[in-house]
Every structure is written in structure tokens, then in C-alpha cells.
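I opened the notebook to record a few look-ups on helix packing, domains and chain contacts.

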Amino acid sequence: MIEIKNLVKHYGDKKALKGISFTVKDNEVLGFLGPNGAGKSTTMNIITGYLSSTSGTVKINGHDILEQPDLAKKDIGYLPEQPPLYLDMTVNEYLTFMCELKGVPKKERKEHIATITSLVGIDAVTGRLIGNLSKGYKQRVGIAQALVGDPPILILDEPTVGLDPNQIIGIRKLIKDLSKNHSIIVSSHILSEIQEIADRVVIIHHGKIAAVDTVKDLSQRLSNVTNLLMSFKGPAKDVAARLKMIPGITDVNIRNSGSFGEVEITTSKQAGDEIRTAIFFMMAKAGWPILEFRSLDPTLEEIFLSITTGKGE
Amino acid sequence: MFAIFKREFLSYFRTPVGYVALAIFTFISGFNFYTLFSEGTVSISDEINSLRSLFIIIVPIITMGSFAEDRKRGTEVLYYTSPIDLFSVVVGKFFSAMALCFVMFINVFIHMIVVSACGGRVGIGAWGSVLVFFFMAALFISIGIFASVISDNQIISAIVAFLIILLNNLFSVIGEYIGFSVSTIMSYMGINATARSNAKTAVANAISWFDPFEKTYEFRNGIFSASALIYCVSFAIFFLYLSFRILEKKRWSQK
Amino acid sequence: MSNKMNSLSNKHSGKKTVNERAKQYKLYAVGSVVILGVIVLLVNILFDNLLGKALTFDFTLDKSSSISAESQKFIDSLPEGTRFRIVGLFERPESVVNTKYQYIAPLLDDYAKKSKGKITVEYQDLQAHPGIISELDPAGAYGLSNLKGQYAVYYNGKLDIIDPINCYTIDTDYLEQYNAYLATGNNTEYTFTNSMITLMKGYTSKAYVLTGLKEDGCEQLKRMLASLGVETAELAVVSDFKIPDDCSLIILNGPDTDITETAYLELKNYIARGGNVIVSVEYSSENVNEPFTNLNRLLNDMNINIEHCMISENDPNYQLNGHINNSLADIGPVFAGLISEKRLNITLSRPITYSVNQRADVITSPVLLSSASATKSVAGENNEAKQIDSNPAVLNAAMHSCYANGDKGQLFVFGTVNFTSDAYFSEYTITDKNADFIRACVRNMLPASDAYNVNIPVKKIENYRLNDNEATASAATAIMVVFMIVLPIALSSMAVIVYNKRKNL
């Protein structure tokens, strides 16, 4: 259980975090979502005790990270954005070192390492030099490192960044497996990834929490808005004007106003699928052929926008 | 602390660095020993004392990477987020460098055995020099670790360590010079000769008080003074603590 | 207005609370470093200035840098206000290691430290401080201005000049061979303490060493005598040889030629008057043909005779390193109480026997006796000892005579020079058991010297010479090969092997 209250972090005049509070329950996967530079890594660094907050508290299973750092850190396994790997050690040597560092009793070390390596799927490379491993394996070794000492809480900062799709699927599966008996915070800037693995999502933007929600609620909230992209042959201005008249369309942005026009259409979800039919007939009637017509996945920025504006309402 | 010590110490021997350093030390000490041996008179303390001048090269090489390297690799996060004290990390690294020095020093122990076997004398002065060697190694290694902490760049760390150790080598000389210049300045101010010479001595003494070489000088004769060892140890502790505080600063610094 | 101020200060304090934690950390970090720095400095000052001397331990060989209990006893016995000035007539060297002051300067510092101001030590370069000459020697009696590198011990207007080289026993063979000094023992404390005692008490008696007889050197013996309050002078055996009235002891130290007729008469007269004589001779290559006829005439009168041959010790228990001519001898029963040792060292000793005609008024007793299996031999070809008497017997290596009625005058005759000669003491030092014995003999003869008896052990010199049999050129080559070629190459190959092996893991 992690309790975070009013976390503030200043770097000189820059305010990286402006008061963040949330809790992570036992055996819950919390997705930590935000664009680059939003303060994800800073928050995680503060939770793990790497940095101290300017103000605010972090409690790990009841232990304050600043007041009882040893007890708190014992319960955390941390995979930073750059995995802390010694490239001149073999996987086995490295994990043994981590066992020593985290105080795993000598008798249990061998078994413990064997369990972890088979769990993260690196048992085939334990004798190899970390520097010689592929990026995916390195990332797994990084996760293995976080698992050493069986901490009940795992904090994984962008665990899938830079991996190929196969590797990403592997890691996601691994996190799901681990979530059975770990509380996990996973950060990412990819929405779909978080949606897939997290129970709950914290969205952070400009050092503030934009939303804390279950994945279900979040998708529902997101589904209030749908953006459509349409390319067509015709005058963009006229098209936009006509489109705005269709009920259910809240906004139209012209992306390209050449001979081949392109507009982005914002609709309110209540309108349902009928809106597309309405657009089609309107365009057909006007004699503007539709070249491409598809719905747009919302970008993170849009989500924040929508969430923050949604909150405002 | 032991985990850090073990990793750091073994890492010297996982890469060629440790072996090469050992080979160089073996060769230089061997040359020293061979020269004395061929003359038929071997004073181990002379050998050790001349080996002390290698500190200025060896210590920066050993210590320059100790923290700078971690920062580069991103492994330093382990020290901050593991349930261990940062100070014990500093101490672990310190002892691993000391242990490497000890391994190098095994050469000299072998020389001692050879000397004894050849009917020479390994007197108390030799043991005094051994003691001084390790206490001064402790002082200089702690300085090297401090240099490694204050800079992200290994080369800068090495140069800083080199300069501080050089300064240590030159305290007496510097003291003399500063004392001399003080007395020169005073002579322009029209102060009489006795006062000038007193001031010169006082300044020179004050500066050379810091000279660890002078402090431990008598050990080679078998006169052991606790204050010289305490000087080395206390300043070593001070530098290690300072290093620890600088590392810790990264946590709370707002910069 | 005041509202505005309030809100301003609120804003300010609000910012403050936000930064409070970092400020606290900073304060704590800087504070703890400063406090530790202060503690480090204080501890150093404490140990340096207050406890430094108490926590300095002298582990040198024989504590060469510390004064012994004997000197301490002497210093403590000095009345309050006594002041000895020890002045080094040169600038103190930065480093005394490997100089002749190596064992002197630290010891003198110890004198100063432990004398509570009774002894001061200073260094005054004569060029830089010419005033010191008139200060120490206003009359110019000691020629200080010609000195270079000596020490002067000053007490109450009196001066004793000590040459550093005299603070050591010297390997005389080495000096002869290489014309360089090789110290074998360190007399520094002995020299300085005795110098102070003598300056204070003056000499109580005077001994004369006869010269001109191709005798051995006796610098070490002189030093021993000085420590007993006996001043030593040389007395040449010339045609108008005359023993001065102030003489209380005559020493014949290993002459290679016989004494003259004049000397015989004068010495006979001297002994008859109650004079003390120590004679030591040996059977060496320089005097194998010398029967010492005149000397024997003198000694025969006191019931003693020197034989013209050498003692060969055949009992392995008495031999030193298996040598038949370098052995131990038992101290005779009459003298056994003089020192705690039971056996002393004799080399190339002539047998000393009772003379044919025995005077009843003179008591003669053996001083040193060989084992019962000793034989007499002479130098044969190639300096081999040739046995001339195959009956093993106890032979005397030294004898003593004195008057039965208790009159003054004693005679010690040693068949070996191991009790008087520099050759022996420079090897074994003047606190060797033989030295102890001769000191005891002198104290016996000159009761006044008993009052001195400050016998400070001579300290050993660190000697780093290797055994020449082991430290051969081939051994040196082996060392070069092992330490400069084999090991470095082995270590370098380890580096390559480890690198290659791990690289491909």
C-alpha cells in the first residue's frame, strides 16, 4: 500500500510537481500516465527514495520514505527508466550482488535467483555478460533486479520503452502475472498499454494530477468524445461550414484546405454512429467525394484537455 | 556495505584494470627490490617509502571511477533506493580500494620473506613503514573518492585527486615558500628580523603541520606516534563523510 | 496598507514552508560536515599537542631513541636547577636518516623531553651564530671555531666535545678494508650520559695505556673507563719511560712486541709501590715469534707466566661456531661473583700459568679457565694450529695476583685481547659480557670508580645487510626474473585471458 500526499518538488524555480496525492492498494496495478516531462519519473524517484520531495509525504506500507527509509525501501522494487545494470557483470553475478544489497539470506539466494530468472524468462542467459544482451533482455534483467528480495511493491518506469512489439507483449504479460501478488505502479506515455495492464490510472500533466480513475471509467469518459478525420475533394471552408450545421458535431478543424481538403471533426458521443451517416449524405448531396474517413484515437494531450475541461463542466 | 565492497573489489578483477595495476606495481616494486638486493643491503622501509610516491598515480586511477562511473551507467540509483545507508556505500567503495592496495602490497610481503630468508633484517622500521603505507593509502583513497564524488567526469576526478595528493606531497615545500614570502613582505613593512624569522617559522610550521609525510616520518625508524595515525584516519573519515554528504545532497538539492 | 503587508508576508512564509524540508536537509548536511571538521581538528590538536608525546612509542631496536632507566635515574638524581646544555654546533638537518645523527638527534630530544628542563638541547650553526663560541667557551680553550658537526655538552663553565662518530662502535676491519665507517653499535646514550656525569663529578682516577709496543687500539676501553670516572691517557714506552704519580692503573693492551728493559724496571717498581696493572696479550700472526721475555720477568715476580703458544679448546660445548681457538672460558671461582655470566669469550688465547718460583706473599688465582679437554698448540704451516701437547687439561686464559696482606696493587693478566681491544668491542660492543667483566675488574681495583658505575647498554644498529652466502648474484638475477618478468607477464596474461573470456560471455 502506497499513500502519497501533496507531493511537491521544485528544481530551482521550476516546479516539477505541484501537489500530487493518490494511493495504491495492495495487489493493484496503477497505471501512471503522462506525456514526457509531466513528472512521472520525478514522482517515481520520490516514491522510491531516490529524491526527496520539497514537501509532502510518501508512505510505503505505513513507513514514511524519509523517516524510515530502510523499512520503506525494503518493500520496493524499482526499475528506473534507465535500468541500473553493470554491463561488466554476468546476469547471475549481478543478481547475486542485488541479493546481497537487499539482504537476501545467503542460503536462499540461489533458489531466489532461479525463481526470478524463470519468472522473467532470463534463465537461459544467466551466465552471459549483461553488456552483451539485447535490449529486451536487459530490460528483463532490470525487472528481475526489481524483484530481488520479493518486495510487495514494484515501481516500473516505462518498462516497455524501446522494445520491439514481441518484447512489449512479453513484458506486459509478465506485469500481469506479477500483479497477482504485487502492488505495481507502471508508468507509460502510451494509453493503450496502460489500458491493457492497469486496474486504475493516474494521469499526470504539468506536475499535477489530471485524473485518477479506474480504466473502465476512464474509457467511458474518453468515449464522450470522438474525433473523426475526413479527406475529401472540395472547398474546405464550405465543407466546414456545412458540417457545423449537422447536430452533434461540436467542432470542425481544417487541417488542409488545398484541392484535397482535410478536416478534423469533433463530435459528442451522444450523437452515436448516425452522425457518420449524416456526414456521408451531406457530402454526397453536395457532390464532394470522400476520399478517406476514419475515427481518430485521442492523443494524450487531447485526453488531458478533455478530462480537464470535462472536470470543469 | 559488504555487498558494495565485494562488487567493487571483484570488479577490479572482472576487467583487466586490476591485473594491469597489479602487474605495474609488481614490476616497479620488483625493480626497487632488485636494485637494493643486488647491492646486498635491503631496507624494506626504504623500499616501502619510495613506493609511497606511487600513490600519486595509483590512487587517482583506482578511485576515479568509483562514483563517476556509477553516475554514467545509471547504477547509482541502486545505492539511493536500496535499503542501505549511503555512507556504507562510500565506506564499501573505500575498503575495496584499500583491499586492492593490500593485494598490491602482497609483493612487499613476499620481498620481506625473501629478505628474511637471505639473512637480512626486517626490523620494526619496516613494519612502521607498512603501517604508514596503509594509513596514508587510507587518507589518499578517501581523497580520491571525494574527487570522484564531486565530478561526473572521470578524468576531472582523477586530476583533482592527483592535485590534492600532489599538494600533500608538497606541504613542506609550500610552507617554506609561503613562510619566506611572508617574511619578505614583513621586511618591506619594516618589521625587525627576529619577528620576521619567527613569523616565517610559524607560517611554515602551520602549513607543514598538514604534511602526512612529515608526520609519519619517524615510523621508518621505529618510532610510532599515535597522533600521526590519528591525523590520517581522522581526515580520511572527514573526506568520506564529506563525500557521503555530497552524494546525499543529490536527494534534496533543488537545483 | 497593513492588509497588503500581511498578505505579502503570508505569501512569503508560505513559500518558506514549502522549502522548509530542503533547507533543513541543507542545514543538517552543512552543519554535520562543519561539526565533524571541527571535531577532526580538535582531535588532531589534542593528540598532537597534548597527548602526542605520551602516545609516541619507541619500538626502535634497543629503544635507540629513548633514554634508558640508568640515564633517567641519573637525571632524576640531579638537584633541581642543574642545567646541562647540549649544543649541536651545526644546523639541525631536515632529515637525520642515514646520517651519523640518525641515532643521536632523536635520543637527545628524548633527554630534553624527560629531564624536566635540567637538560636542554639546541642546534647552533657556528657560522650563523658565532656568539655561541664565546658563550660556551669564553677562554677559547676548546677551539670551538674549528669544529664541524660536533656536539658540545656544557655544564657549569665546563665543556665536553662529543664527536658523533664516537657515539658508535665501528667495524675496524671494514674501516681498514674500505676506509669507510660501518657502525656496529650505538653508544650515544652511553657517551652523553657519561659525559654529563664526568662533567659534574670530574674524574676520580687516571689510567695510562702504554703505547709504542705495536699494541691494539683501545678507544672503546677508554670510553668504558670514562664511564667509571677513570680518565685515560697514553703513555709512550720511550727511553726515559716514567710512570706519572697520578697513575692508578696501567694497561698493556695486546702488545706485539716485548716491553723494554727500562719499562720493565719502572713497571716492577710501580707494582711494588702498589700499582694496578692489566696486561692482555694474545697469540696472533703478528706475535707468534714473541715470547715476551721482559714482560714475563715482570709477571713472574707476581707468580704469573705467559706461555708462548695457544689454547686449543677441544670440547665442542666450549667452542664458538666450532672453532678451537675461539671459545668460551669459565670464570674462576674467586671471580665468579663479579658478574652473573658464567662463561666469557676468548680468542687466540695464550695459556697463562703459575710461574716456576712462587712468592708466598702474593695470592694468585685463575680468572678464566678452559674445559678439561684443552690442549696447547702453536701456529704451524698455513696458519694451521699444530698441537704440541696431546694431554688434555684445564688451561687458564687469565690469571690474577694480589698481595696476601691486603696491600694495594692488583695484576690481571689476560691471554686474550678480548677484554681490552677495540677489535673485540667494535664487534661485540662495550656492553658485552666481556665488557661487563672488565668493568667489574676495574671497579674492584679502583674502589672510587664504584660510585659511577652507570652502565648503559650499547644499542644495536639496524643492519640491513643480507647474508652474502644467500644474496648472491644469481639470487639477484632470480629475483629480477621472478618479480620483474615472470610475475608481471603472468598478471598481464591474466588480464588478457580474463578480458577475452568475459568479453564473449
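My entries follow, and I note that the model is predicted.

**Entry: H5 and H8 of chain B.** I looked up helix H5 (residues 65-73) of chain B against helix H8 (residues 124-150) of chain B. Their axes lie 7 Å apart, at an angle of about 25°. Angles under 35 degrees count as roughly parallel, so I list H5(B) and H8(B) as roughly parallel to each other. From H5(B), the contact takes Gly65(B), Ser66(B), Phe67(B) and Ala68(B); from H8(B), it takes Ile145(B), Ser148(B) and Val149(B). I find four nonpolar and three polar residues in this contact, and no charged ones.

**Entry: H9 and H10 of chain B.** Next I took helix H9 (residues 154-188) of chain B and helix H10 (residues 193-208) of chain B. The axes cross at roughly 155° and come within 8 Å. H9(B) is therefore roughly antiparallel to H10(B). The crossing of H9(B) past H10(B) is right-handed. Among the contact residues I noted Phe171(B), Ile174(B) and Met186(B) on H9(B), and Arg196(B), Val203(B) and Ile207(B) on H10(B). By class I have 10 nonpolar, eight polar and three charged residues for this contact.

**Entry: domains of chain A.** The assignment for chain A gives domain 1 (2-221) and domain 2 (223-312). Taken over C-alpha atoms, the centres of domain 1 and domain 2 of chain A are separated by 39 Å.

**Entry: chain C on chain A.** How many residues of chain C are in contact with chain A? I find seven, and they meet nine residues of chain A. Helix H1 (residues 2-50) of chain C supplies the largest share of the chain C side, five residues. That side has four nonpolar, one polar and two charged residues.

Conventions: Residues numbered from 1 in each chain as written. Chains lettered and ligands numbered in written order. Predicted model: local features only at pLDDT ≥ 70, side-chain atom pairs only at ≥ 80, totals over all residues. Axes fitted to C-alpha atoms, helices over the stretch in contact; angles between N-to-C directions. Helix = DSSP H or I, 4+ residues; strand = E, 2+ residues; numbered from the N terminus. Parallel < 35°, antiparallel > 145°, perpendicular 65-115°, else oblique. Contact = placed C-beta atoms within 7 Å. Nonpolar A, V, L, I, M, F, W, Y, C, P; charged D, E, K, R; others polar. Domains from an automatic or database assignment. Left-handed = near helix turned anticlockwise from the far one by under 90°.
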